Amino acid sequence: MGTILTDPSLSQIAQRVVVIEDSDDDYEALTRSFEVVEFMHPVVRTTNAEDCLTLLEQVASLPAAHLGLPALILLDLNLPGMTGAEFLHILKSHELLKIIPVIVYTTSNNPADVQACLALHANAYHTKQMDLIKMEEQVRSMVEYWFEHALLVSPLRGHRRHGGV
């Protein structure tokens with residue numbers, strides 16, 4: 001997998017996948033799944049929504065800000081402080097930041113949470129799989145869709161090492 005960054009700065013979030021996840025165990029399982037599917041792009045982690053939003057707003061204030069935006073955000077809903085839904089509302093209300101695709105990736109399978117996040121313009125909603133094999137399949141599916149089929153504002157395309165499966 002690409003570089004794992006846990007203390008992101010402005011230059012580190014450009015063209016990366018940002019994961020907003022407070023649980024070390026969930027983040028470790030996710031990064032293992034990225035490794036299994038040979039995802040090669042850098043992944044940046046923030047453990048709360050406030051820190052991520054601060055970084056993104058700083059990027060948005062720069063000249064040519066669109067070049068510094070992450071390619072994709074994976075967002076947990078159940079975060080300390082600002083919730084994932086609150087983050088999503090703020091992000092999707094921002095003139096520039098709203099173009100960043102956000103995948104809600106959470107343990108909640110509550111239909112009200114799904115509906116609320118989609119109403120707030122989440123691009124997708126996935127329930128975390130607790131079985132590692134199922135999680136790897138889920139991550140493979142997400143990576144293939146977002147990095148092989150979907151057109152992103154970011155130039156990140158293709159996710160596997162040369163010679164990979």
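## Exposure and positive phi

A residue counts as exposed when its relative accessible area is over 50%, as buried under 20%, and as partly exposed in between. The model described here is predicted. H121 reaches 53% relative accessibility, so H121 counts as exposed. H121 sits in the loop that links α5 (111-119) to β6 (124-127). Its phi is positive, near 75°, although H121 is a residue other than glycine.

E38 also has a positive phi, of about 60°, and is not a glycine. E38 belongs to the loop between α2 and β3 (43-46). Its relative accessibility is 22%, so E38 counts as partly exposed.

## Nonpolar cores

In soluble globular proteins, nonpolar side chains tend to be buried together. Here the largest nonpolar core holds 25 residues. I20, L56, I73, L75, F87 and L91 have the most contacts inside it. At least two residues of this core come from each of β2 (17-20), α3 (49-60), β4 (72-75), α4 (84-93) and β5 (102-106). Which element gives the most to this core? α3 does, with 6 residues.

L91 shows one part of this packing. Neighbours within four places in sequence aside, L91 is in contact with L56, I73, L97, K98, I100 and V102. A second core is separate and has 23 residues. Among them are V19, Y27, V139 and F147.

## Helix α2 against helix α6

Helix α2 spans residues 24-36, and helix α6 spans residues 132-149. Their axes come within 9 Å and cross at roughly 65°. The crossing of α2 past α6 is right-handed.

Which residues of α2 meet α6? They are A29, L30, R32, S33, F34 and V36. On the α6 side, the contact is made by L132, M135, E136, V139, R140 and V143. The residues of this contact divide into 8 nonpolar, 1 polar and 3 charged. V139 of α6 is in this contact, and V139 is also included in the second core.

## Cysteines

Is C52 buried or exposed? C52 has 3% relative accessibility, so C52 counts as buried. C117 has 2% relative accessibility, so C117 counts as buried too.

How many disulfides does the model contain? The count comes to 0 disulfides, with a disulfide taken as a pair of cysteine sulfur atoms within 2.5 Å.

Conventions:
Residues numbered from 1 in each chain as written. Predicted model: local features only at pLDDT ≥ 70, side-chain atom pairs only at ≥ 80, totals over all residues. Heavy atoms only, no water. Axes fitted to C-alpha atoms, helices over the stretch in contact; angles between N-to-C directions. Helix = DSSP H or I, 4+ residues; strand = E, 2+ residues; numbered from the N terminus. Left-handed = near helix turned anticlockwise from the far one by under 90°. Contact = heavy atoms within 4.5 Å. Nonpolar A, V, L, I, M, F, W, Y, C, P; charged D, E, K, R; others polar. Buried < 20%, exposed > 50% of the residue type's maximum accessible area, 1.4 Å probe, protein only. Core = buried A, V, L, I, M, F, W, Y, C linked by side-chain atoms within 4.5 Å.
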